[in-house]
Amino acid sequence: MPITRRDFLNGTAITLAAGLTPLKLSYAAISGKEDRYYPPALMGMRGNHPGSFEMAHKIGREGLIPAVAKLQPEAHYDLVIVGAGLSGLASALFWQQKKGKDQRILLLDNHDDFGGHAKRNEFSTPEGTIIGYGGSESFQSPTHIYSPVVLALLKSLNVDIQQMAKDFDVNFYPDLNLSRGVYFDKAHFGEDKLVSGDPDGVVADDIPANRRNGRPIADYINDFPLSSADRQALILLHTLPKDYLPGMDTQQKLAWLAKHSYLEFLQDKVGLSQTAIAYFQQMTNDFQAVGIDATACNDAQLCGLPGFEGMGLPPLDPEDQAELSDPYIYHFPDGNAGLARMMVRRLIPQVAPGYTMHDCVTAQFDYAQLDRPDHNVNLRLNSTVVNVAQHESAAEVSYFQQGELHKVSASHVVMACYNMIIPWLIPTLPEAQKAALHENVKAPLVYCNVVIRQWRSFQQLGVHDVYSPAAPFSMVKLDFPVDMGDYRHPRDPDKPICLHMVHVPTLAGSGLSNREQSRKGRAWLLGTPFSTFETMVRDQLQGMLGQAGFDHEKDILGITVNRWAHGYSYIVNTMFDDEEQAEALIKTARQPFGLIAIANSDSDWSPYAHAAIDQAWRAVNELVGPQGESS
């Protein structure tokens, strides 16, 4: 059926007007019936959606300690996992490997869907269902940096990495003569102008180097709406290798680059004007979740930014080089939500038929099977954990679900949730561990999926992926061209397609650290309604594509805003962190506490799916002895 603005009015399904509760909204998302709970089909405000975080914020900000002591446990489990993201789901699978499938496992999650940041978005269009990803995107360099543990888990789930690469059509957009480009918005550059033909690659480029359809760098930059002096300075930076730190030896250069931002480098060492520097401001947003003002030069180098080629620096270490140069082509149509679905199907086979990654893409998931008393594994959504306490032989986990307080007991607990919340949930933790957990200040970000009626405007402008230096969405791109199983990527420019748009709420020019920018950006994000994001989307797409006939009023079919107030895990930033001290904080934060272990990618200060899985393996092994006996 067609998608209309009624479907996402004010960020919710229109069925709200019929009196449905927030939990029941997703029952009506597809068929209009209340007998099918299916959150991937919801549009509007997703990710950290309304109802998923308010209770947790009351605990942390208002000091609310629910009256849990008088409650009696309603049930006992061998393992309770707080958080049903990739790390929580992997913890359940590893526990079954160690202890057997007869173990009673309960996963609790505050969201209305499983997967954590691995979020699936579905859109019903006149041409059929379009699937998009609303968070954790793809596998990063799996053939080079994935551990044997991660690779073994993927193999056990029938995830074929090599087949994933074949399912990704790297030549689809190049064959249409499309390239990457840059959009200069009128508010910041005096005119709306889209320039195509970027010859440079990006971090983990999915387009082969010889298929970028780029123009000579001088021709490309000379089309920028900048002064001739600024254009010439940018051309020289890209084409003339130079040592911008003369008089320093290699170690001094490395030390300087670690402690100064890329903005400082461009301003003080390269000598660019503020207008020319503005071109680079948001180039690190997608990879670092912060602009160049709070990105150290060594991280800017990892993002492939120019200026370091003539510095005589040592080569990148193999893992960094792999992340920079390996193709980004290991992608489910729904991003890493595809992996989450395969994990859930393995844990609870009744939820969907099939056993391969191909049949999982379009498998119909029956959410009614997630939390049945006759299953050994229960996945309980819309359940915000508020307290975890342990006694001599068992732990007690208390949680809110639909406004009611519940308690269960467990022989063991894995905390696979955000590090920041754990000290509030387990107030008896050592103070040093609480402090270490609080250091992981996750970066806020928005993955917005927009389905448009047709994409002739992109074809006319010659682009498939557009970077914006100053507009709200730093990246706008046509969806990855993946055919997997029965799912086919849209190929006809006259038919609907999904646009992926990235917004990171940073404070450019504030002088604040990345942690402080994240805190302030998170506050803004949680206070911003869907209607504001809708306006941002419409204004930017109209300014960017309007010259090619795009009309946001008739061409936008649906909008889903995946708001992640706590998005990427914190990563070491050498401008503000001592690396040895950071490593000590990481180890202190993830120490087991009696019957409780701590997982998730936060435990490794690494915002990657494989880190989440590795940390789940560590956490389970801390609770279970080498022979599978509980420690």
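Select E622, which is partly exposed, with a relative accessible area of 26%; the term partly exposed covers the range between buried (under 20% relative accessible area) and exposed (over 50%), found with a 1.4 Å probe and protein chains only. The side chains of E622 and R618 meet in a salt bridge at 3.1 Å, N to O; a salt bridge is a side-chain nitrogen of Lys or Arg within 4 Å of a carboxyl oxygen of Asp or Glu. Both residues belong to helix α26 (residues 609–623), where a spacing of 4 residues separates them by about one helical turn. Helices (H or I, at least four residues) and strands (E, at least two) are DSSP runs, numbered from the N terminus.

This is a predicted model, in which local features need pLDDT of at least 70 and side-chain atom pairs count only at pLDDT 80 or more, while totals for chains, interfaces and linings use all residues. Residues are numbered from 1 along each chain as its sequence is written, and side-chain values use heavy atoms, with hydrogens and water left out.

Next, select D175 and R211. Their side chains form a salt bridge with an N to O distance of 2.9 Å. D175 lies in helix α7 (residues 172–175) and R211 in the loop between β7 (193–196) and α9 (217–221), so the pair ties together parts that are 36 residues apart in sequence. D175 is exposed, with a relative accessible area of 52%, whereas R211 is partly exposed at 22%.

Move on to R215 and D223. A salt bridge joins these two side chains as well, at 2.9 Å, N to O. R215 is partly exposed, with a relative accessible area of 27%, and D223 is partly exposed at 30%.

Now select R180, D205, D206, R212 and D465 together. These residues are linked in a network of salt bridges. In total, the structure holds 29 salt bridges.

The next stop is L157. Is this residue buried or exposed? L157 is buried, with a relative accessible area of 2%. It lies in the loop between α5 (148–156) and α6 (161–167). Which residues does L157 contact, leaving aside its neighbours within four places in sequence? They are L93, L339, M342, M343, R346 and Y355, where contact means heavy atoms within 4.5 Å. Select L266 as well: the C-alpha atoms of L157 and L266 are separated by 47 Å, and the two residues are 109 apart along the chain.

Finally, display the whole protein chain. It contains 26 helices and 17 strands. Its C-alpha atoms fill a box of roughly 75 × 60 × 45 Å, taken along the principal axes. Of the 631 residues, 59% are buried. Among contacts between residues at least 6 apart in sequence, 71% join residues at least 24 apart.
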